[in-house]
Amino acid sequence: MTRTNYPDLIKELAFTDFKLRYHNSVLGYLWSLLNPLLLFGVLYMVFSVFLRFEVDNYPVYLLFGIVIWSFFSESTLGAMNSLINKASLIKKIYFPRSILIISSNLTTSFGFLLNFLVFLVFFFGAGLRPSLNFLFIIPYFIVLLMIIVGVSLLISSIFIRFRDLSHIWGVLLQLGFWITPIVYPLGFVPEKYHFWILLNPIARIIFDVRNAIMYSIVPSPESIIGVFLFSLIILFIGYFTFRKLSPRFAEWL
Amino acid sequence: MVIAIQLDKVSKKFRIPLDKQDGLKGSLISLLSGKANYREFPALKDISFSVQKGEFIGIIGPNGSGKSTLLKIIANILRPDHGKMRINGDLSPFLELGLGFQGELSGKENIYLYGTVLGMSKKEIDTKMKNILAFSELKDFMTMPLKNYSSGMHVRLAFSVAIQAKSDILLFDEVLAVGDASFQNKCYKYFKSIKGKKTVLFVSHDLNSIQQYSDRAILIQNGRVVANGATKKVIDYYSRKQSTH
């Protein structure tokens, strides 16, 4: 039972999902850009008109956090739903089940790439220019992908047994959004909480990369190594949980 | 003789939930009350048989006897609780024709989608596109969304893609009950053409087509192999048994 065309299957499933998601909507693919931009618009109005934070280039600061957080939340939610949406495939044919998770993450990655281009427009529009520090994006995005794949594998395989998880995860993502310095600066929070806030690897990624590309603050090696090890652990936990549970998916769905 | 499929005392039980209690609450209740929230249903019991390479096997039995479960285990979709299984060769299961078809997408897009689901590469599909269009006779409908296809066209498209699979072991589960006479005729020709070349397990309630194609038949009842041998004998035995009930 050797089949070697899994890359084509992953691509095909990912593109199909991307096509279907915006099918029949007037604005089509634009929605994948509009969603985070509209969230940005709402938050920007509230936090620059009603409330004010002392942050240089606040729109760029805010949009970066939103783009990264949306990528994480849409990917993990999408991965959970992908197993349910593809139940008929799981029940009727064999292929490694992780293909569904990878292709779901690939779908949201297209959206992320588009959103990141929009962020770059804002970045240049604000008069900022990339320095060598921009290269820090590369290792941090690799770490971000590792976390997304790891968390997706973990929660999607548990979700098949415990459907309550999608509601719980939705609440946790809300909580995570607000305890991460996305709309406010870290300095806004009492210093004793900083350690705990930055323990969240997504918060760490947003904080470090934003500092590097916007304020030329180079992240410490401990920070990079720490978040890398953390994401490696998440990836392993996700991988082994998924590997243990996936042979029974067809029965549970 | 080369063995393509060998099953040795394969058993499978399903857990049937007593109440519909998915989620945390259901698990908590069954955990706290200390009672299992399900009963076990043995779907397959000690199934043993082997299939030679190139054999065409008909599998018959009443509804709920375990035929589909058996195919799913052979296709690696379900994991057996006990027993050993050996598969020798590439395998394609056709438990549903047009698996993964998307009504919103065009005929052509669905050919690529279904083809890759069946394990073909994009390149392979490109080279086989001519055959697929010719066999399905749907060349003029390729840009039409699948939801506007009739059910006959739907099956024709699916079957035309399915027969491109190059695997040497094919599993069919009651997939040819539809289509008009000319399409049925095409299917008949296709099965004739693969007979002896590919190993086929063919589940059907249509005893005529079982009789027509199979070298051998296996009767399954209540999760057990009840008869295994010459097609005519097994079918006669099954018919006699059914009429005495």
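Modeller: A crossing is called left-handed if the near helix is turned anticlockwise from the far one by less than a right angle, and right-handed if clockwise. In this predicted model, local features need pLDDT of at least 70 and side-chain atom pairs count only at pLDDT 80 or more, while totals for chains, interfaces and linings use all residues. Residues are numbered from 1 along each chain as its sequence is written, chains are lettered from A and ligands numbered from 1 in the order in which they are written, and side-chain values use heavy atoms, with hydrogens and water left out.

H1(A) passes H5(A) in a right-handed crossing, where helices are DSSP runs (H or I, at least four residues) numbered from the N terminus. Helix H1 of chain A covers residues 6–21 and helix H5 of chain A covers residues 98–125, and the two pack at an angle of about 55° with their axes 8 Å apart. The axes are lines fitted to C-alpha atoms over the stretch in contact, and angles run from 0 to 180 degrees between N-to-C directions. H1(A) and H5(A) are therefore oblique to each other, given that angles under 35 degrees count as roughly parallel, over 145 as roughly antiparallel, 65 to 115 as roughly perpendicular and the rest as oblique.

Among the residues making the contact (heavy atoms within 4.5 Å) are A:Leu13 and A:Phe18 of H1(A), together with A:Leu106 and A:Gly111 of H5(A). By class, this contact of H1(A) with H5(A) has 13 nonpolar, 4 polar and 2 charged residues, where Ala, Val, Leu, Ile, Met, Phe, Trp, Tyr, Cys and Pro count as nonpolar, Asp, Glu, Lys and Arg as charged, and the others, Gly among them, as polar.

In chain B, 8 helices and 9 strands (E, at least two residues) are found.
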